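The following report goes through helices, a sheet and ring contacts in turn. Please keep the sequence and the model in view while reading.

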Amino acid sequence: MKITNVSRYKGTTYEVEIDDSRKIYLHIDIITDFSVRTGMEIEWDELRKIIYASNFRRAYQRALFLLDYRDYSEKEMTEKLIKTYKSDALCKAVLNKLKENRFIDDERYAERMARKLVEVKKFGFRRAKRELMQKGIDQFTAEDALEVYEFTFEENLAELLKTKHSRFLTDETDRKSIEKVKNALVRYGYDFPQINRAVKEYFENSKYEEDD
């Protein structure tokens, strides 16, 4: 095969014509790295390397573009890239480079996500752990990221009772309303012993406030 023409296409992209018929589009970095030029004789294996390098560069730059807007777990980024580039091998290679350069770091991602889930959304341990694992974070990394919030969970639970659910907790004998609150907190990821203890303390504190 012979490269019959190399010309600027758009910006830093060049149009490369092969045997006066096939056209491929390469970034100037790929042109330079492989010394692509008009009149160059090229074997099929070398052309495959050039095309792979071009696709790798595109996928890597796409990943960096996405990371400009928010953090991604390894699983999330892999899913994003696979949709566009289809090749498992290519996407795995891109992910490896991203991890080597610490652009993708599941431990860092888990720590940041855990802070949001616990401090902002007020989720309990079980819900927060489930949310992290759905993002592709493994069980142990998720648990490690949440370990520092042991006491925050209790504080959040008390706060939820005072703010979001206080209108349902006006009567300690109203079992229906209390069960409604408890079920809502279970969905937030708190377990029944935690909830029962927090509800008990809520009513006890309410009595003290009334006495004062």
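Helix H9 covers residues 175-187, and its 13 residues should span 18 Å at 1.5 Å a residue, which agrees with the 18 Å between its end C-alpha atoms. The expected span of a helix is taken here as 1.5 Å times one less than its number of residues, and helices (H or I, at least four residues) and strands (E, at least two) are DSSP runs, numbered from the N terminus. The model is a predicted one, in which local features need pLDDT of at least 70 and side-chain atom pairs count only at pLDDT 80 or more, while totals for chains, interfaces and linings use all residues. Residues are numbered from 1 along each chain as its sequence is written, and side-chain values use heavy atoms, with hydrogens and water left out.

Within H9, the buried residues are Ser 177, Ile 178, Val 181, Lys 182, Ala 184 and Leu 185, where buried means under 20% relative accessible area, exposed over 50%, and partly exposed in between (1.4 Å probe, protein chains only). Seen down the axis of H9, these buried residues fall within an arc of 160°, so they line one face of the helix; the arc is that of the directions from the helix axis to the C-beta atoms. An α-helix has 3.6 residues a turn, so residues three or four places apart point the same way. The face of H9 turned away from the buried side carries the exposed residues Lys 176, Lys 180 and Arg 187. After H9 comes Gly 189, which has a positive phi near 105°.

Helix H4 (residues 88-100) can be described in like terms: 13 residues at 1.5 Å a residue should span 18 Å, and the end C-alpha atoms are 18 Å apart, which agrees. Its buried residues are Leu 90, Cys 91, Val 94, Leu 95 and Leu 98, and, seen down the axis of H4, they fall within an arc of 135°, so they line one face of the helix. Turned away from that buried side is a face with the exposed residues Asp 88, Ala 89, Lys 92 and Glu 100.

The strands E1, E2 and E3 form an open sheet in the order E1-E2-E3, with antiparallel pairing; two strands pair if DSSP finds at least two bridges between them. E1 and E3 are the edge strands, each pairing on one side only. E1 is joined to strand E2 (residues 13-18) by 6 bridges, and the two run antiparallel. Lys 10 stands opposite Thr 13 in E2, and Ile 3 stands opposite Ile 18 in E2. The hairpin of E1 and E2 has 2 residues between the strands, and Gly 11 takes a positive phi near 60° there.

Turning to the rings, the structure holds 7 aromatic pairs. Rings of Phe, Tyr and Trp (its six-membered ring) pair if their centres lie within 6.5 Å, and planes under 30 degrees apart count as stacked, over 60 as edge-to-face and the rest as tilted. Two of the pairs are set out below.

| Pair | Geometry | Centre to centre | Between the planes |
|---|---|---|---|
| Tyr 9 and Tyr 25 | tilted | 4.7 Å | 55° |
| Phe 125 and Phe 153 | edge-to-face | 6.2 Å | 85° |

Tyr 9 lies in strand E1 (residues 3-10) and Tyr 25 in strand E3 (residues 22-27), so this pair ties together parts that are 16 residues apart in sequence. Tyr 9 is partly exposed at 48% relative accessibility, and Tyr 25 is partly exposed with a relative accessible area of 30%. Phe 125 belongs to helix H6 (residues 125-134) and Phe 153 to helix H8 (residues 150-163), so their pair ties together parts that are 28 residues apart in sequence. Phe 125 counts as partly exposed at 32% relative accessibility, whereas Phe 153, at 4%, counts as buried.

One aromatic cluster is formed by Tyr 52, Phe 56 and Tyr 60. Lys 97 lies over the face of Tyr 60, at 4.4 Å from the ring centre; a charge sits over a ring if NZ of Lys or CZ of Arg is within 6 Å of the ring centre and within 35 degrees of the ring normal. The charged end of Arg 127 sits over the ring of Phe 123, 4.0 Å from its centre.
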